[in-house]
Amino acid sequence: MKKNLLSWASMLCICLASLGIWGFASPAKPEAITNGSNLVKAMHSRWHKKWYPNFAFEQRAIYYDGETISKEEVWQEVYSQPGNLGIRFNGFESGNGVIFRQDSVYTFQDNKLQGKTYQIHPLLLLCFDVYFLQPEVSVNKLQKIGFDLSKITEAKWQGRDAYVIGTADAKDNTTPQFWVDKERLYIVRVLTNPKGTPREVEINNYKKLEGKWVATEVIFKTDGKTTLREEYFNMRFPKATDTAWFDPAQFASVRW
């Protein structure tokens, strides 16, 4: 009897050792979030292959002059990962819009290219591309556009806990920084300071659409004053996109 028990114990040890070898051991704890690089890795790990690679929508663009609405337009937009965004101002027939493609922006008026500029778009990167690019690529881009990823603090944003990257003082409204929902790991606020002019973007009213988190309102502020509010509607997730949508040479002819 004793011999049989020892044999069974030996077999159990072998089985448990095999589980460890074949990857059935307890998963490693996620890396502690102590800086912006850790956070970018965590965002990528949480949502890679789960975030939506393609996104099309319309938006009401509401401009403000002080407290007064000065103009309203309807824009058409489409995103495809990574780094592609097409925008048409007030319909395709207007001939006006922009294409963001791989860190360059192309501007159009009356269907004619007005210019091309190198630009890493912080919202495009933090709202979408961060879930598709390798974390070290996103980190490099964020550093290039002025975010100090070594600085981190935490704060409340609209009643929810958030990580704050770029400053050690959450009351600092002038230093470039971005805020990420601590639980859900999506972007909620971005502050930049081009040429000494503080600009803020609030990414608000996240809702679940087809099981996916989508922000339905974005507010732009300059020196603390609202200049533009965007309200999203007709949102959908195309299974595929056409490269022609982001081709400057085909701007006048494509539709999505």
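**View 1. Asn111 in the loop between strand E5 and strand E6.** Asn111 is partly exposed, with a relative accessible area of 34%; buried means under 20%, exposed over 50%, and partly exposed in between (1.4 Å probe, protein chains only). Strand E5 covers residues 104-109. Helices (H or I, at least four residues) and strands (E, at least two) are DSSP runs, numbered from the N terminus. Phi of Asn111 is near 65 degrees, which is a positive value in a residue other than glycine. Most residues other than glycine have a negative phi, and most peptide bonds are trans. This is a predicted model, in which local features need pLDDT of at least 70 and side-chain atom pairs count only at pLDDT 80 or more, while totals for chains, interfaces and linings use all residues. Residues are numbered from 1 along each chain as its sequence is written, and side-chain values use heavy atoms, with hydrogens and water left out.

**View 2. Asn90 in the loop between E3 and strand E4 (97-101).** Asn90 also has a positive phi, near 60 degrees. Its relative accessibility is 43%, so Asn90 counts as partly exposed.

**View 3. The cis peptide bond between Gln81 and Pro82.** Omega of this bond is about -15 degrees. Pro82 sits in the loop that links strand E2 (68-80) to strand E3 (84-89).

**View 4. His121 in the loop between strand E6 (112-118) and helix H3 (122-127).** With a relative accessible area of 18%, His121 is buried. A polar atom of the His121 side chain lies 3.1 Å from the backbone nitrogen of Leu123.

**View 5. Thr175 in the loop between strand E8 (160-165) and strand E9 (177-181).** Thr175 counts as partly exposed, at 28% relative accessibility. Its side chain makes a polar contact with the side chain of Asp172 (2.5 Å); a polar contact is a pair of N or O atoms within 3.5 Å, and within protein one must be able to donate a hydrogen and the other to accept it, with residues adjacent in sequence counting only if both atoms are side-chain atoms. Leaving aside residues up to four places away in sequence, Thr175 touches Gly166, Thr167 and Leu191, where contact means heavy atoms within 4.5 Å. The C-alpha atoms of Thr175 and Asn193 are 6.6 Å apart, although 18 residues separate the two along the chain.

**View 6. The crossing of helix H2 (residues 36-47) and helix H4 (residues 135-144).** The two axes come within 9 Å and cross at roughly 135 degrees. Ser37, Val40, Lys41 and His44 of H2 meet Pro135, Ser138, Val139 and Leu142 of H4.

Technical notes
Axes fitted to C-alpha atoms, helices over the stretch in contact; angles between N-to-C directions.
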